[in-house]
Amino acid sequence: MKKSLFLVFALAATLHADEGVLLQRIIALEKRVAELETKLAPVLEEQRVKAVVAEQKAMAHERMLLDAEFLTRTDLNLIEKTYQTANQNWKTEEAKKAVAFLAARFPTANRTGCAVLALAQAAEGDEQIQLLQRAIEKHNGCFYITGVQVGAYARLYLGMRYKKDGNNEAAEKLFEEIRTNFRDAVDHKGQLLTVHLEGLE
């Protein structure tokens, strides 16, 4: 009987010791998994952003193809030629005239939205604010081939402009729109616009 009791106690002590060893191993494994997750997070985020950029470029391509449904090849060539004329220097009167021509003759064309935004980025003062607002209101769904959505990018620029002017409430409203409605929007370098917001808060 004493021998049986001793065996039961010895077995219980061994099991308790094994539980302690197992618990230490589990804690060590959990720590290692957490470290690996931390190391992998930037790589996984980079892959996610690459996929988002590819998706944004696909949306840009679709938007450009939409123009071909209602514009002739001649019109599309004229639009591109006019855009490229303005693109030589957005700060010139020639660029302003080119954008005015595009807005009057092809107001819904994708490239017109890109032209309005590019002109806004080069403009200053109240003119810049008006052009950025116009890009948001009339050309929101236009895209550059890089995947940049005109409306989202205009919101970022206008928000930065408002922030610079001390109009923090208007800036925050635009930044919140980006976070909520355009969280996958990108810049020309393939960075999420939400990354730019981190430095503006």
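Residues are numbered from 1 along each chain as its sequence is written, and side-chain values use heavy atoms, with hydrogens and water left out. Because the model is predicted, local features need pLDDT of at least 70 and side-chain atom pairs count only at pLDDT 80 or more, whereas totals for chains, interfaces and linings use all residues.

The protein has eight helices and zero strands, where helices (H or I, at least four residues) and strands (E, at least two) are DSSP runs numbered from the N terminus. Along the sequence, the pattern is accordingly written α-α-α-α-α-α-α-α. Of the 201 residues, 35% count as buried, a term that denotes under 20% relative accessible area, with exposed set at over 50% and partly exposed in between (1.4 Å probe, protein chains only). Among contacts (heavy atoms within 4.5 Å) between residues at least 6 apart in sequence, 56% join residues at least 24 apart.

A nonpolar core is defined as a set of buried Ala, Val, Leu, Ile, Met, Phe, Trp, Tyr and Cys residues joined through side-chain atoms within 4.5 Å. The largest such core holds 45 residues, of which Trp90, Leu117 and Tyr144 touch the most other members. Two or more residues of this core are given by each of helix H2 (73–87), helix H3 (93–105), helix H4 (110–122), helix H5 (125–139), helix H6 (150–164), helix H7 (168–181) and helix H8 (193–198), and the largest share, eight residues, comes from H4. Leu117 touches Leu132, Ala135, Tyr144, Val150, Tyr153 and Ala154, when residues up to four places away in sequence are not counted.

A search of the whole structure finds three aromatic pairs. Tyr83 and Trp90 form an aromatic pair that is edge-to-face, at 5.4 Å centre to centre and 65° between the planes; rings of Phe, Tyr and Trp (its six-membered ring) pair if their centres lie within 6.5 Å, and planes under 30 degrees apart count as stacked, over 60 as edge-to-face and the rest as tilted. Tyr83 is buried, with a relative accessible area of 5%, and Trp90 likewise counts as buried at 12%.

Leu102, found in helix H3, counts as buried because its relative accessibility is 1%. With residues up to four places away in sequence left out, Leu102 touches Ile79, Thr82, Tyr83, Pro107, Thr112 and Ala115. The C-alpha atoms of Leu102 and Gly113, which are 11 residues apart along the chain, are separated by 9.1 Å. In helix H6, Arg161 is also buried, with a relative accessible area of 14%, and touches Glu124, Gly125, Gln128 and Ile129, again not counting residues up to four places away in sequence.

About 280 Å³ of space lies in the largest pocket. On a 1 Å grid over the protein atoms alone, a pocket is an open set of points where a 1.4 Å probe fits, with protein on both sides within 12 Å along at least five of seven lines, and lining residues have an atom within 4 Å of a point. The lining includes Met64, Asp67, Arg73, Glu80, Asn110 and Ile145. Helix H1 (2–70), H2 and H4 each give two or more residues to this lining, and H2 gives the most, with five. By class, the lining has six nonpolar, two polar and four charged residues.

Key. Points joined across faces, edges and corners; volume = space filled by probe spheres on them. Nonpolar A, V, L, I, M, F, W, Y, C, P; charged D, E, K, R; others polar.
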